[in-house]
Protein chains: 4
Amino acid sequence: MINFQCDYAQGCHPQLLERLIAANMEPHPGYGLDDCCESARARIREACRQPHADVHFLTGGTQTNLIAIAACLKSHQGVMTADIGHIACHETGAIEATGHKVLPLPAEDGLLCARQIREACQAHYASPTREHTVQPGMVYLSLPTECGTLYTRDQLAAIYRCCRELGLMLYIDGARLGYGLTSPVNDLTLADVASLCDLFYIGGTKCGALLGEALVIVNDALKADFRYGIKQHGGMLAKGWLVGLAFDALFTQGLYFTICRQATEYALAIRNALEQKGIPLGYPSYTNQQFPILTAHQLAILQSKYVWEPWQTLPDGRQLVRFCTSWATTQQQVDSLVSDILRL
Amino acid sequence: MINFQCDYAQGCHPQLLERLIAANMEPHPGYGLDDCCESARARIREACRQPHADVHFLTGGTQTNLIAIAACLKSHQGVMTADIGHIACHETGAIEATGHKVLPLPAEDGLLCARQIREACQAHYASPTREHTVQPGMVYLSLPTECGTLYTRDQLAAIYRCCRELGLMLYIDGARLGYGLTSPVNDLTLADVASLCDLFYIGGTKCGALLGEALVIVNDALKADFRYGIKQHGGMLAKGWLVGLAFDALFTQGLYFTICRQATEYALAIRNALEQKGIPLGYPSYTNQQFPILTAHQLAILQSKYVWEPWQTLPDGRQLVRFCTSWATTQQQVDSLVSDILRL
Amino acid sequence: MINFQCDYAQGCHPQLLERLIAANMEPHPGYGLDDCCESARARIREACRQPHADVHFLTGGTQTNLIAIAACLKSHQGVMTADIGHIACHETGAIEATGHKVLPLPAEDGLLCARQIREACQAHYASPTREHTVQPGMVYLSLPTECGTLYTRDQLAAIYRCCRELGLMLYIDGARLGYGLTSPVNDLTLADVASLCDLFYIGGTKCGALLGEALVIVNDALKADFRYGIKQHGGMLAKGWLVGLAFDALFTQGLYFTICRQATEYALAIRNALEQKGIPLGYPSYTNQQFPILTAHQLAILQSKYVWEPWQTLPDGRQLVRFCTSWATTQQQVDSLVSDILRL
Amino acid sequence: MINFQCDYAQGCHPQLLERLIAANMEPHPGYGLDDCCESARARIREACRQPHADVHFLTGGTQTNLIAIAACLKSHQGVMTADIGHIACHETGAIEATGHKVLPLPAEDGLLCARQIREACQAHYASPTREHTVQPGMVYLSLPTECGTLYTRDQLAAIYRCCRELGLMLYIDGARLGYGLTSPVNDLTLADVASLCDLFYIGGTKCGALLGEALVIVNDALKADFRYGIKQHGGMLAKGWLVGLAFDALFTQGLYFTICRQATEYALAIRNALEQKGIPLGYPSYTNQQFPILTAHQLAILQSKYVWEPWQTLPDGRQLVRFCTSWATTQQQVDSLVSDILRL
């Protein structure tokens with residue numbers, strides 16, 4: 001079976017594995033205070049053009065989200081998100097477990113816009129009973145979104161401007177950031193992202209690392225004492241160097257972008273095949289996730305060779321499914337799927 | 001420099017690394033629902049002689065502690081621990097962050113006893129204002145303790161009996177369980193431990209794995225819906241198979257015990273040398289952590305070749321320090337330290 | 001100005017004030033363990049026909065809701081509610097602050113129905129990734145709802161049956177219970193309510209008391225140790241007898257129902273006048289809250305004599321407002337408003 | 001039986017009851033936004049000589065403590081307190097339930113000193129593993145303490161200076177503040193207290209009000225958005241004017257001090273009688289709580305006429321008990337007890 005189900009099925013990119021093999025028996029200081037982490041931090045700061053950013057390495061997305069959000073919010077504040085945002089839908093109430101309400105906003109194709117943030121925030125402050133409701137303290141967005149869509153530079157800049165005016169922190173979940181930044185329709189650089197939010201994370205788990213995310217704190221006001229919160233929430237790895245080493249390799253000679261670009265190209269080849277056959281797509285995604293709407297007949301044909309993720313059953317019985325490429329996807333796998341799609 | 005500072009400085013045991021290399025490019029189902037985890041669970045159940053135990057793989061000790069404790073306690077309950085317990089002293093209030101008070105009890109050499117648990121619990125229930133204080137709901141103990149000491153089978157059985165009588169859950173933190181169970185002064189088997197508590201964890205991070213702990217739930221009442229809490233607290237690895245694979249290797253042909261036994265023997269060789277020289281020891285530890293009390297002069301001699309962990313400065317200026325062996329310690333390193341101690 | 005803004009503007013019913021004056025200098029045991037509370041508990045149990053119910057006196061609705069919900073839910077569970085439910089909209093994230101997600105369901109006229117609860121719950125359990133979402137553990141509903149509507153006996157019975165089948169607790173917020181039970185369209189008795197949920201509260205603050213709510217726990221499984229949670233959340237009044245005394249008076253010779261029935265009748269007189277004039281109503285409320293949709297011109301006329309609560313501005317500029325009667329409303333005030341409405 | 005058990009057995013001072021009777025049927029705006037509260041705030045600001053202080057009215061001590069502390073601390077911080085501090089011992093883990101650890105310090109006679117705060121704080125920051133422990137963010141102290149002792153002006157000034165140097169907030173629990181400030185051994189004025197901390201509360205429940213505490217926020221940095229937290233934790237009374245009215249009366253013509261001074265004098269008369277008879281006292285209290293150590297024989301004589309609070313049974317069988325006067329205590333009651341003590 002050929003796996004297009006998700007982008008976290010395999011271990012790590014071979015270059016990272018080599019680094020791990022080489023470093024395995026070396027003693028390293030604990031808790032992320034080692035040279036691998038320091039080197040990775042320096043490379044990430046440079047790639048982001050943020051020489052003063054703080055960089056912390058964590059083990060997964062939910063953990064990173066809850067630690068980042070709990071650190072930024074005051075106790076009476078909540079976090080705004082698209083209604084399909086990962087923190088709203090797929091983290092078992094992790095944010096609420098830290099005491100904060102998630103404030104969902106309706107979002108077409110998973111994208112928030114500055115206007116709706118501004119309106120929701122102004123409506124809050126205009127209300128005479130605002131103290132009886134949760135104060136918005138932060139905006140969370142995913143880049144790319146949960147359905148593979150992307151913010152343009154203008155859209156993100158407008159959201160960030162709006163957040164600064166309204167006293168909201170802006171946090172970007174970059175679980176699949178590499179696949180977004182290497183999309184042909186994307187006009188944001190990593191440095192752009194870093195300059196258009198208060199903090200964000202660069203996903204490693206889905207982009208070539210065994211595990212790990214790199215949280216980048218750009219806003220000085222959020223830097224102090226951040227490591228306490230990491231430890232408090234069980235996110236401080238004894239062997240933090242494992243994640244540091246991975247990011248050091250990923251940000252050496254642009255490996256992160258190289259491997260993500262390849263996966264995105266593969267995904268677009270699949271997309272082209274789907275469009276060629278007139279198969280409708282659930283979301284306008286130009287990243288590593290593709291969401292075709294397939295008939296039971298089409299799925300029956302494909303299921304002998306491929307694994308995908310079911311997403312939603314439509315009222316007419318067709319299924320919206322997700323095909324996902326990753327750094328581990330091969331040309332051969334893509335060729336196979338493309339030709340099978342064209343034969344449908 | 002020769003590292004005796006901690007037992008989590010290196011990566012993983014070579015056999016685990018080989019398994020990882022072999023499995024790296026294989027696709028695995030996510031979130032711990034894969035064959036590696038299933039196989040590891042089966043091996044652990046067998047090693048524990050608990051065919052019906054639930055086994056969950058987590059990434060670190062603090063995370064495991066907070067998830068296990070939050071899942072067991074009712075909202076008005078707290079957890080009793082030795083005053084030097086890891087949850088009381090070294091986890092940045094992780095338990096309190098889930099809403100529960102840690103209830104420390106004075107403990108000689110880090111060991112709780114059944115009588116003090118009973119007395120504290122009875123004092124709570126005898127008080128007419130008990131509802132104004134936190135109800136004890138659980139006992140947390142470490143095996144070995146934070147200072148390397150061990151509970152005997154009789155002591156642990158008495159504590160567990162006491163807990164059952166008083167309606168308290170008993171949870172054992174086994175971050176260094178392998179080093180405890182292989183101590184020559186230990187009379188507990190892994191199966192004993194499993195039968196004398198409600199849930200416990202087998203430490204991997206400090207005992208040969210890159211990262212990971214195996215939480216074993218013996219008490220049926222605690223099993224339902226446990227994975228929700230893991231996800232909620234950011235402890236569910238996308239690539240859970242990484243930890244499953246490690247434990248599968250560790251519990252194949254007794255590797256876990258083999259490598260821990262070696263480390264414990266090394267530690268006792270160091271202990272013998274210290275005793276031979278009349279160097280006092282801070283705690284009666286017969287596990288992989290040794291706590292000599294050394295003079296400034298002695299430390300000055302040793303510091304050119306060895307790294308250790310400072311623990312406490314005594315009023316007379318001497319230092320209580322920790323020398324720690326691990327699965328990665330070599331005979332040569334131990335021989336070197338032993339002969340340097342004997343030359344002091 | 002004549003006050004129709006809310007039902008908590010005045011102090012307490014004169015009979016309660018007399019009881020307070022008489023008892024003021026008597027010493028009472030603290031924390032709700034006094035004879036006033038015991039007598040009130042007995043009267044409430046009898047009125048509910050629940051001789052074994054536990055009754056606790058608290059100071060306000062938000063406090064009662066957060067204590068009751070936090071006591072019932074497991075840490076990975078959330079509480080379902082109508083989207084306009086008080087806990088979802090007007091309690092500053094009080095439930096989330098205890099770590100639990102509020103799960104809103106769309107609700108016409110503020111009413112939930114058994115079918116949507118069942119479908120939402122079944123969808124949760126049918127999902128292969130259910131552990132990545134919050135498990136429903138409880139249903140919260142308001143009787144009457146936030147917009148004055150009422151559940152019929154059949155509707156409530158269906159919801160409770162559904163909750164029992166699905167393992168959900170059912171909790172009823174009765175902030176205005178008296179005004180609901182005395183509505184001419186209501187077919188529920190207090191004993192019905194008590195037999196059709198696991199726990200509920202009888203509102204005092206809005207129904208004649210200076211302050212206080214009576215939480216009635218019917219389900220045996222929820223009774224143990226409840227007072228710990230009250231103290232933990234700051235809800236245990238040193239002078240608990242103040243609230244006990246109020247409920248003792250309210251449940252003597254049916255005073256609670258007498259004064260609420262009067263207020264409901266006044267509200268319906270206002271409703272009749274509105275309907276007679278063809279003024280549209282925002283919600284089909286037959287309780288003490290009425291929600292006319294008025295033009296700017298109509299409001300301008302009324303505002304010289306009356307105070308009401310603004311609710312919502314409609315796109316056409318008209319306003320949905322709330323007129324609220326209470327135990328303190330007089331015939332004269334109602335007559336005045338009715339004749340001014342008819343003159344509009 | 002004559003009640004010396006506690007200072008919260010009766011309702012409210014007759015002057016407050018008169019005010020309540022007069023205002024009972026008047027409509028007031030809700031949630032503390034009424035004229036009674038505004039007037040009381042003005043009077044309290046003037047009495048504190050803090051024209052810019054924010055004043056909030058809450059219903060009880062535990063509620064006030066948890067709301068104040070949760071609002072001031074960052075999520076990784078804890079609050080230092082004397083080991084017998086109310087938040088450490090008698091609030092069912094209310095602070096921990098908001099996610100924060102209580103950090104107890106040993107305290108002779110319930111009193112903290114600047115030096116121990118400084119040392120504990122410096123030890124935290126000096127530790128290389130400080131991020132693995134809870135950061136002190138605040139000092140909590142009670143004035144008078146739980147055993148009736150008092151800080152001198154110099155002691156409190158030293159603590160506040162120390163807090164400012166170390167970046168700690170200083171919060172004072174004044175549940176019995178009136179009884180402390182009117183003690184003959186006290187050298188602090190209310191204005192002194194207000195100028196020597198960041199926030200504190202003036203107790204009403206134990207000092208003449210039916211219920212209620214007045215939280216005074218002096219530090220500008222803590223003022224913004226405070227009411228959100230009050231609502232979130234269920235502390236915002238619909239009829240906030242009830243507490244405002246009480247404090248308005250208490251701070252009219254110094255009633256608060258007049259009634260507390262009387263009670264303190266009564267307590268000292270009892271103390272004199274105890275000393276005259278050579279009965280030992282458990283604590284050096286010169287406030288409204290007295291802690292004699294009595295023999296079984298003495299208690300047997302007194303128990304036919306008096307009620308007191310048991311505190312502690314000494315190893316020799318004698319009992320440390322508490323006799324408490326209050327605003328409701330009469331000269332006659334005190335005379336009776338004094339003469340019975342002298343007859344022992």
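This is a predicted model: local features need pLDDT of at least 70, side-chain atom pairs count only at pLDDT 80 or more; totals for chains, interfaces and linings use all residues.
Residues are numbered from 1 along each chain as its sequence is written, chains are lettered from A and ligands numbered from 1 in the order in which they are written, and side-chain values use heavy atoms, with hydrogens and water left out.

Two copies of a chain are related by a rotation about an axis and a shift along it. Of the contact residues of chain A (contact means heavy atoms within 4.5 Å), 100% recur in chain B, and the same surface serves both copies. Chain D is likewise laid on chain C by a turn of 180 degrees and a shift of 0.0 Å along the axis, with an RMSD of 0.0 Å. Here 100% of the interface residues of chain D are also interface residues in chain C, so these copies meet through the same surface.

Over all chains, 56 salt bridges are counted, each defined as a side-chain nitrogen of Lys or Arg within 4 Å of a carboxyl oxygen of Asp or Glu. One of them links the side chains of Glu96(B) and Lys101(D), at 2.7 Å from N to O. Glu96(B) belongs to helix α5 (residues 94–97) of chain B and Lys101(D) to the loop between α5 (94–97) and β4 (102–105) of chain D, so the pair joins two chains. Helices (H or I, at least four residues) and strands (E, at least two) are DSSP runs numbered from the N terminus.

Within chain A, the axes of helix α1 (residues 14–23) and helix α11 (residues 241–250) come within 9 Å and cross at roughly 135 degrees. Axes are lines fitted to C-alpha atoms, for helices over the stretch in contact, and angles run from 0 to 180 degrees between N-to-C directions. α1(A) and α11(A) are therefore oblique to each other (angles under 35 degrees count as roughly parallel, over 145 as roughly antiparallel, 65 to 115 as roughly perpendicular and the rest as oblique). Among the residues in this contact are Leu16(A) and Arg19(A) of α1(A) and Trp241(A) and Asp248(A) of α11(A).

Terms used: Copies are superposed by least squares on the C-alpha atoms of residues with pLDDT of at least 70 in both.
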